[in-house]
Amino acid sequence: MTLSPLQEARYEYQPKLPGMLRQGINEISVKTGEETSSVADQDKIKALFPNTYGKCEITFEKGQNTSENKKQVVGVILSGGQAPGGHNVISGLYDALKATNKDNVLLGFKGGPSGLIEDDYIEMTDEFINQYRNTGGFDIIGSGRTKLETEEQFEIVTKVAAKHGLTAIVIIGGDDSNTNAAVLAEYMAEHKTGVQVIGCPKTIDGDLKNEDIEASFGFDTATKTYSEVIGNIERDANSAKKYWHFIKVMGRSASHVALECALQTQPNICLIGEEIAAKERSLADIANYIADSVEARANNGDNFGVVIVPEGIIEFVPEFSALIAEINELLAGDKAEEFNSLVDWATKEHFIERGLTDKSMRVFALLPEFVQKQLFLERDPHGNVQVSLIESEKLISSLVADTLNERKIKGTYKGKFSPLHHFFGYEGRCAFPSNFDADYCYSLGYNAFMLIQYGYTGYLSKVSNLAAPAEEWVAGGMPITKMMNIERRNGEDKPVIRKALVELDGKPFNYFVSKRKEWSVKTCYTYPGAIQYYGPSEVCDATTKTLALEQK
Ligand code: FBP
């Protein structure tokens, strides 16, 4: 393998641990905090998790290590979408495990949760792990989206665990994967298997976050990567002065990525899905809002601009989500086959017209044909439309173009509008982790092993005080059940970790609101540049603006 100079240099980077984990394994002791209860639906969650509910929060501190000295065989999986830093979670886990006892074993199960079910694994060695230190990607063992949630799967996992003598399983994943980690931990405790389960918070989307988990790993690097390129586009826009750029960024169910990129780059417009849903904005409202900025800037002679759109935007627009729900119904079961067998789009349109309510049909008729067709692409395994396949950035720009044309006819708008489109998602998910993510992930992994070593199960590895230098970070663990509530999922009440949406009374959003009027008319772009790995700490170790604003 040919290595880039940066890759070689990054192998040597020594990630920073929180101060209390720096003294060496023999000097890490546990401080037990308060008993916990779930954020809502306490009685129901308690009844569902009789063995793991209500446990105490714990933090590590400097002191005599009093954990039991037994051999640990730990299995680890990566679950869901890639996020920068996953390799460092595994490196931190491995280093703590080997520093505790060189006979301890770490098995990496391949391809996500299915690796655990299919018993497809690799045993980690120094030589193997060293090739992945401080690098992006999940290629060390791969990832997957199989859900580990049925009793049958748990029975298989129990057998695989028994075969290898696993003492613990670490699940590195988002809210759903860690919900499943809690359920697996309860199953393992109930069946007295002796297998502990620990989770680590991952997702570039930033929506696994709450009063205990300040950030999911990967969000920092991914948003900095997108912000670098958005800044470059802003500078291009401000140089050429002839294009409006519509940039969609990942973030399926929450707009944290869009908001953070906006805080870093100060575009003319950034749509926040949560606000659109709360204020029940229509597509026409959104088009008018952007057209107002285009018109105001054109009046100043600026026929260019930048708009950031979160990936999940259309599901936040009430009339659009109602339309999607009706289309899902229209294609349920055999009806999808009937629809697909229709010969041409005109016949399909007829079918659609018969199936939609008048209200949804009016919304549908507003859409450009390419979006109408995208709404009928293959459904996901739950029968839902795959929102990421809908080019919402193009949809929005075409609605803005229509609105501007109407204004032109009325004579109120005289500018030029040439839109260009971009989608930034996969570009950021496997970037070299920023120093923040390299340090945070290594700490999460190291800390996860300490939780195992001290006998905890059903906990999420927790590293907090993240806006401070790593030395002042606080390492510990929080029972996953504390973060859970009951939600309706696929027609059933389920215990789940509550997903964190952008808080409309939160500091990051309020700061954005205080600035956006000015940004929408003037050119206030900021150019963050590329992530820096070497150089002054204020450049290389800076956290996200979201975290800085939240913790100020
Ligand atoms: P996770 O929630 O699993 O971390 O994945 C999030 C994400 O990156 C979204 O932003 C995006 O919509 C989705 O993954 C894409 O999924 P896939 O990798 O399956 O195309």
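Modeller: This is a predicted model. Start with Asp 119, which has a relative accessible area of 19%.

Colleague: Why is Asp 119 called buried?

Modeller: Buried means under 20% relative accessible area. Asp 119 has 19%, so Asp 119 counts as buried.

Colleague: What makes Lys 163 exposed?

Modeller: The label exposed needs over 50%. Lys 163 has a relative accessible area of 56%, so Lys 163 is exposed.

Colleague: How do you know that Lys 163 and Asp 119 meet in a salt bridge?

Modeller: The cut-off is 4 Å, from a side-chain nitrogen of Lys or Arg to a carboxyl oxygen of Asp or Glu. Here the N to O distance is 2.5 Å, so the pair meets the rule. The pair links distant parts of the chain. Lys 163 is in helix 6, and Asp 119 is in the loop between helix 4 and strand 5, 44 residues apart.

Colleague: What do the side chains of Lys 499 and Asp 175 form?

Modeller: A salt bridge, at 2.8 Å from N to O. Lys 499 lies in the loop between strand 15 and helix 21, and Asp 175 in helix 7, so the pair ties together parts that are 324 residues apart in sequence.

Colleague: What makes the contact of Lys 16 and Asp 541 a salt bridge?

Modeller: Their N to O distance is 3.5 Å. The limit is 4 Å, so the pair counts. Lys 16 lies in the loop between helix 1 and strand 1, and Asp 541 in the loop between helix 22 and helix 23, so parts 525 residues apart in sequence are tied together.

Colleague: How many salt bridges does this rule give?

Modeller: The count comes to 24. Glu 57, Glu 211, Asp 212, Lys 462 and Lys 482 are linked in a network of them.

Colleague: Which residues are closest to the ligand?

Modeller: Gly 81, Asp 205, Glu 311, Tyr 426 and Arg 429, out of 13 residues that surround the ligand.

How values were computed:
Residues are numbered from 1 along each chain as its sequence is written. This is a predicted model: local features need pLDDT of at least 70, side-chain atom pairs count only at pLDDT 80 or more; totals for chains, interfaces and linings use all residues. Side-chain values use heavy atoms; hydrogens and water are left out. A residue is near a molecule or strand if one of its heavy atoms lies within 4 Å of it. Helices (H or I, at least four residues) and strands (E, at least two) are DSSP runs, numbered from the N terminus. Buried means under 20% relative accessible area, exposed over 50%, partly exposed in between (1.4 Å probe, protein chains only).
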